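Please examine the sequence and the structure before reading on.

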Number of protein chains: 2
Amino acid sequence: MDLDRSANNLLDLVSLVVRGLSGNRDLSLTAIATLGLLLREGPQRITVLAAAEGVSQPSMTQLVQRLEQRGLVTRGSDPSDGRVALVSLTTEGKAALAHRRELNAERIAELLGGLPQAEVDAFGDALATVLPAIRARLGAETHASSAAGK
Amino acid sequence: MDLDRSANNLLDLVSLVVRGLSGNRDLSLTAIATLGLLLREGPQRITVLAAAEGVSQPSMTQLVQRLEQRGLVTRGSDPSDGRVALVSLTTEGKAALAHRRELNAERIAELLGGLPQAEVDAFGDALATVLPAIRARLGAETHASSAAGK
DNA sequence: GGTAATTACATAGGCATGTTATATAGTTAG
DNA sequence: CTAACTATATAACATGCCTATGTAATTACC
């Protein structure tokens, strides 16, 4: 019913967070999310990363190249398929991700400062619920469209 | 305590939403938020818009120029100060914003599809609570830094 | 009341990150 | 062994942001 209002609020929040975290000149949102995925799920091929983050394959190729130059990821090869580039997180990459996340958490804590703890918790819980659902949803869409050739 | 986790979830959600809504090649996130601000609060000067959206003044000048070319906003002058450009929403701008928001709401409804209504409501409520707080926080920071010359 | 500092906005040039179209190398099918 | 497909790379371009700087209007001060 007022899903509409919620959707608009979400969009506006996203916009504010994107700008409000703009100390982030070191790692883009996509870079952070990609490193996070590698941390959560281990080495992945370029195509999988591109689909998971919703960018094109060439964009992901370029992002990985930049991350590789900075020593945050390495590219291995898949013994069973010579075409694939298997991207993995380096120790340095893990450290950079952890550091960046720490800064982001501090910044977000500032932005949420002043809110009652109960509301912060409610927000955190809602995020923890909604995020996996959206990930699953996007994953399903990717599969569907590659299967159906949408 | 696990504000850290929430912060990371928020960041990842933001990233997914940014990419997941990329039917948005017509209006950038900043453009949508700016039009929304004009709708909520009436005509504003460039500087105020830039501060509210967290972009530099030249960026806002350019955004307004693009929006003006597309007929979504007009620029008036302030009778009491010849330097200022007072930006207002046109009828067409209101329509475009409404249309874009409708599409976004549909898309977000899709992404949330499958979640129990209670959780969607909880998320919506949390957003409605958190968003004004963050707006206020960012507004306060802007004032503080311009007053203190940070 | 005229000059200096300030303010609001515009312009210029550059960078990061995204896109589509296309090339190349490895794999699978026949 | 060749054709078709798949995974990644390269090229050319677009968008949106930035910093540095220019210009016109306003305010402050002697």
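## Terms and model

Helices (H or I, at least four residues) and strands (E, at least two) are DSSP runs, numbered from the N terminus. The model is predicted: local features need pLDDT of at least 70 and side-chain atom pairs count only at pLDDT 80 or more, whereas totals for chains, interfaces and linings use all residues. Residues are numbered from 1 along each chain as its sequence is written, while chains are lettered from A and ligands numbered from 1 in the order in which they are written.

## The surface near DNA strand C

DNA strand C is surrounded by 20 residues, and the closest are S59(A), G82(A), R45(B), T47(B) and P58(B). Two or more residues each come from α4 and β3 of chain A and from α3 (46–53), α4 and β3 of chain B. With four residues, α4(A) gives the most to this surface.

Residues are also sorted by class: Ala, Val, Leu, Ile, Met, Phe, Trp, Tyr, Cys and Pro count as nonpolar, Asp, Glu, Lys and Arg as charged, and the others, Gly among them, as polar. The surface near DNA strand C has seven nonpolar, eight polar and five charged residues.

## The surface near DNA strand D

Around DNA strand D there are 21 residues, the closest being R45(A), T47(A), P58(A), S59(B) and G82(B). The largest share of this surface, five residues, comes from α4(B). By class, the surface near DNA strand D divides into seven nonpolar, nine polar and five charged residues.

## The contact between the chains

Two residues are in contact if their C-beta atoms, placed from the backbone, lie within 7 Å. In chain A, 51 residues are in contact with 51 residues of chain B. On the side of chain A that touches chain B, the elements giving two or more residues are α1 (3–20), α2 (29–41), α5 (91–112) and α6 (117–148) of chain A. The most comes from α1(A), with 17 residues. This side of chain A has 29 nonpolar, 14 polar and eight charged residues.

## The sheet of chain B

Strands pair if DSSP finds at least two bridges between them. Chain B has an open sheet of three strands in the order β1-β3-β2, with antiparallel pairing. Both β1 (44–45) and β2 (73–78) of chain B stand at the edges with a single partner strand each, so one side of each is left without a neighbour in the sheet. The antiparallel pairing of β2(B) with β3(B) runs over six bridges; the bridge partner of V73(B) is L89(B), in β3(B).

Notes:
Near = placed C-beta within 6 Å.
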